[in-house]
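Trainee: Could you take a close look at one part of this structure with me, and then follow its surroundings outward? I would like the terms spelled out as you go.

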Amino acid sequence: MNRFLAGGGDRETDMRTPKILLIKPPLDDHDRPIYDLIVPLRKAGIDPIWTGLQQPWSQIVKTALEEDADAIGVSVHTGDPAILLGKLKTELERAGLSEKILVAGGSGEITLPDMQAKLAGLGYKVFLSGDAVENIGAYIMEKFRENQKCSVSITEHFESRLSRHLLAKHITRLENINLTLVPPPKKKSFRVLLAGPAGAGKSSLLNKILEKLELREIKIGVMLCDPRGPKEKGAFLGDRVWMQERTLSENIFIRSFSQLSNYSRRSVNFLKKVSDLFALWGADITFLETIGMGQESAARLGELADLFIWVALPNETDSMRLMKGGAHELADLVLLNKIDKEPSFKAELALKQHFQNPYFKVSAHTGEGIDEVCEFILEKIKNNPCG
Amino acid sequence: MGKPKNTRFETLSGIELKTFYGPEDLPHFEDFSSETKKELVEWRRKYLGRPGEFPYPRGIYEEGYRKQLPTIRQFCGERTAPYTNELLHYLIGLGEKGLSVAYDAVTLHGRDSDSEDWSLGYVGKDGVAVDTLDDFHDLLKGISLEKYSLSQTINFPAIVFFSMYLAEAKAQEIPAKKLRGTIQSDILKEVIKQKEYRFPLKHGLRLMGDMMEYSIMNLNFGFYPDNASGYHMSEGGASASQELAFTLKNAFAFIEYCLERGMNANDVMGRVSLFFNCKGTWEDIAKFRAARRIWATVGKEKYGAASYRALALKFHVQNSGASFRSEEARNNIQRGTLQCLAALLGGAQSVHINSWNETSSLPTREAVKVSVRTQQIVGEEMHNMDIVDVLGGSFAIEALTWEMEKRATDYFKAIDEMGGMLKAIELGYPQFEIRKTSLEEAQRMKNGKIPVVGVNTHSGEAGGDSQDDNEFRRIITLEVHEEQKKRLAKVKKERDQSRVARSLERLSSEAKGNANLVEPVLEAVEARATVEEIMIKTLEPVFGRWRGPGD
């Protein structure tokens, strides 16, 4: 994704890294090739998104629309490839996504020459198990560069309320061109930041929170951040897997972002602009899930948040750690997650001693404490001056 | 097919064959000191036994295949029920004694053919489409369930197909006690590998347990309501010892669940069979022998089972589909033959051999016939199966069998330390172990350490495939889909709607409690409720949707 999130590059038209949405058709459970592809794609400098198995076409297309990925990769191991890939093509066109780079692979009928010809006619480039994974990456990169050169930027015209489709396009535009201006929304969306160490269960917690909030008839924007590595350029955008059941909701819009670990002024500005775009779509709340964080200082993150939630694990939270500096100092609320698995007495004592704001004991697994968190968030929104 | 009672078993040149051989048959056995003789015989007793003797490494029958060869059971199903019915009759004509039905992806996932967002491109494609009892009835037209045992590969909606089977038996006026067959119903391996599941584990187990309980009360031994399967794990990359360990552990987890529900170990273990892959290696034969020994030992020592039925492990074998190649595809016949031989040397009770041209499309009838004939040739033509466990006592096979057992028990320990198999599956342990192995295997395949003739070695030397190898049989999917939708629409129009609604309401309310769900599902099935109406629309709102790690 955008180099400005990485803090480098000043030119307006910096080329971001391409993003590919990997999918399996609805009843195809052979996920081995997906896992075989993720790291090689990252090595090629591509951000792969994987969203999980057994999703109906409507859900797949909604994800494609929101992520506005440059490429879509389909792995077909069962069923009729021509019909399945034809269906995807039709659905993408219907959703206004006809410009995607389409790649396909698999076993069975897709390996037959006449089938490959048929799929080529539909616009798919077919790769088979014998092909080197590097070729897939190279093909996507080449097509991506071509598309970037001749891409027609969408008009700057902002309607009073952005459609889902336009919102996705505007975010992409923002990713492409750093200095794009976003008109201030009449009503801002309330920004909730979810931060915490890797493995604290932020995504599954967010899933549970969204599950409750989607019943409230409010519109929610979600930004999911995953890290790029120090060695491989691409980021594996995998957080959607944890919130699959939420992605069908008409009131939720989810977008994944890749980034380096530091929150530069640039990247914070970018994320602010995205949340303004969400507001223009009508989002009442914007959730931002950060990459896993530790003790690095990320003071600017505070600027982003109307509500800063720190997710911690009971076993990893004690006085020694809390006395040290870190992003948790910015927190308005601490959630002690996995409370069904780890005893919390030590963490609770430490929080009482060294943390002035409230904390909740929660479990994304059992759902314990989630209602309270939602009430807390809604209460904050009610009292929010800018709301 | 068995041989008449007083047959003299001999080689082609007339040397008489004993049923089985042991250390006593060594050429110079008499030259050993009496001490050594005693020790050798003692060793045989302790570790090998005789065929048909606990813990059964040498096989579960005293007479082995002399009495009965493995059931030829070709996995079969495509398009609509009437079409597959024709195929089943064709297989019976070739000499099959057991039937095995393959359902399409829509059916396996508990969906209906008219479920637009899900079913397009899948109806009747990789198996037969069955939406209601009327389809099931057409599927078995002219086939007596008393005469032919029926194996159904279905897991998530297994209870629906168990009920259809019971309903069909009723329609054929065959008492339930006379039914023989298998329903795969292994939801644990679905979570580990195949991924056709939707409910949290405990509800999946409950449905399996309900079928077991119902079978114990109403059906005789010989019907297996659970067939714990390692095949899909193995095809998905698991090693032989992983397949062995995880399959047994899955079966044991289910057995333990049934015991907790108050069922009896003999009743349960006698109704669980296993299903393994066979890649045609020595390791596979060792795996089969080790499986029997572990099954019997654990069954006796841990679960207190005592009957022969319970302790003698029965299993089905399918040869490895992943080992078949589309390059020079006719070579698959040889692969299948050797894999069939290994399955029989390992003592399988029933076998399916894949058809050589199955890699890219459905097998042609000719190819299916070759598969059936392969099994008949291996089993009958050379009299090789007249000696039971012919490899028993081979230094190599015994060493490998022991190694398989050791590796499996190491996995058992690791899993037990994690808190048992259900816990391990929820954590993703077997899933990730298999993924690890499959990555290593892919690497070895890539650098040629696993030779595949015609692919990474000896390829392209004689100019490639012959013309007719490139002819493939395909299904006109959309036509079949339309046809099946019409069949379903007709049933939906003609059925008694209020009876359907009542039966589904009853099912929903009983699912909320602890009652056995076979009867309510049977009632819904007989009212012509569809698979999706029962599984997704009625049971899922009660049980919930669960996804394992990364799914």
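Mentor: Let us begin with strand β8 of chain B, residues 272-278, which is mostly covered, with seven of its seven residues buried. Buried here means under 20% relative accessible area, exposed means over 50%, and partly exposed lies in between, with a 1.4 Å probe and protein chains only. Strands are DSSP runs of E with at least two residues and helices are runs of H or I with at least four, each numbered from the N terminus. The model is a predicted one, in which local features need pLDDT of at least 70 and side-chain atom pairs count only at pLDDT 80 or more, whereas totals for chains, interfaces and linings use all residues. Residues are numbered from 1 along each chain as its sequence is written, chains are lettered from A and ligands numbered from 1 in the order in which they are written, and side-chain values use heavy atoms, with hydrogens and water left out.

In a regular strand the side chains alternate between the two faces of the sheet. In β8(B), B:V272, B:L274, B:F276 and B:C278 point one way while B:S273, B:F275 and B:N277 point the other, and all of them are buried. On one count of neighbours, β7(B), residues 226-229, runs parallel to β8(B) and is joined to it by four bridges, with B:S229 standing opposite B:F275. Strand β9(B), residues 315-319, also pairs with β8(B) in the parallel sense, over five bridges, and there B:Q318 is the bridge partner of B:N277. Two strands are taken as paired if DSSP finds at least two bridges between them.

Elsewhere in chain B, an open sheet of five strands has the order β2-β3-β4-β5-β6, with parallel pairing. Its edges are β2 (75-76) and β6 (223-224), and because each has a single partner strand, one side of each is left without a neighbour in the sheet. Within this sheet, β3(B), residues 98-102, and β4(B), residues 149-153, pair in the parallel sense over five bridges, and B:V101 has B:Q152 in β4(B) as its bridge partner.

Since B:E398 lies in helix α16 and B:R289 in helix α12 (residues 282-301) of chain B, the pair ties together parts that are 109 residues apart in sequence. B:E398 is buried at a relative accessible area of 11%, and B:R289 is buried at 0%. A salt bridge is a side-chain nitrogen of Lys or Arg within 4 Å of a carboxyl oxygen of Asp or Glu.

The loops of chain B hold some backbone details. The peptide bond from B:F54 to B:P55 is cis, with omega near 0 degrees, and B:P55 sits in the loop between α1 (34-48) and β1 (71-72). B:E173, which is not a glycine, has a positive phi of about 55 degrees; this residue is in the loop between α6 (158-171) and β5 (181-183) and counts as exposed at 71% relative accessibility. B:D389 also has a positive phi, near 45 degrees, without being a glycine, but this residue, in the loop between α15 (365-381) and α16 (395-418), counts as buried at 7% relative accessibility.

Finally, consider where chain B meets chain A: 32 residues of chain B are in contact with 31 residues of chain A, contact meaning heavy atoms within 4.5 Å. The area buried between them is about 2900 Å², and carbon and sulfur atoms give 50% of it. B:D117, B:W118 and B:Y122 supply 22% of the area that chain B buries against chain A, more than any other three residues. Buried area is the accessible area (1.4 Å probe) that two parts lose on being put together, summed over both. The chains share two salt bridges, one of them between A:E109 and B:K125, whose closest N and O atoms are 2.2 Å apart. On the side of chain B that touches chain A, α3 (105-108), α4 (116-119), α18 (429-446) and α19 (477-494) each supply at least two residues, and α18(B) gives the most, with three.
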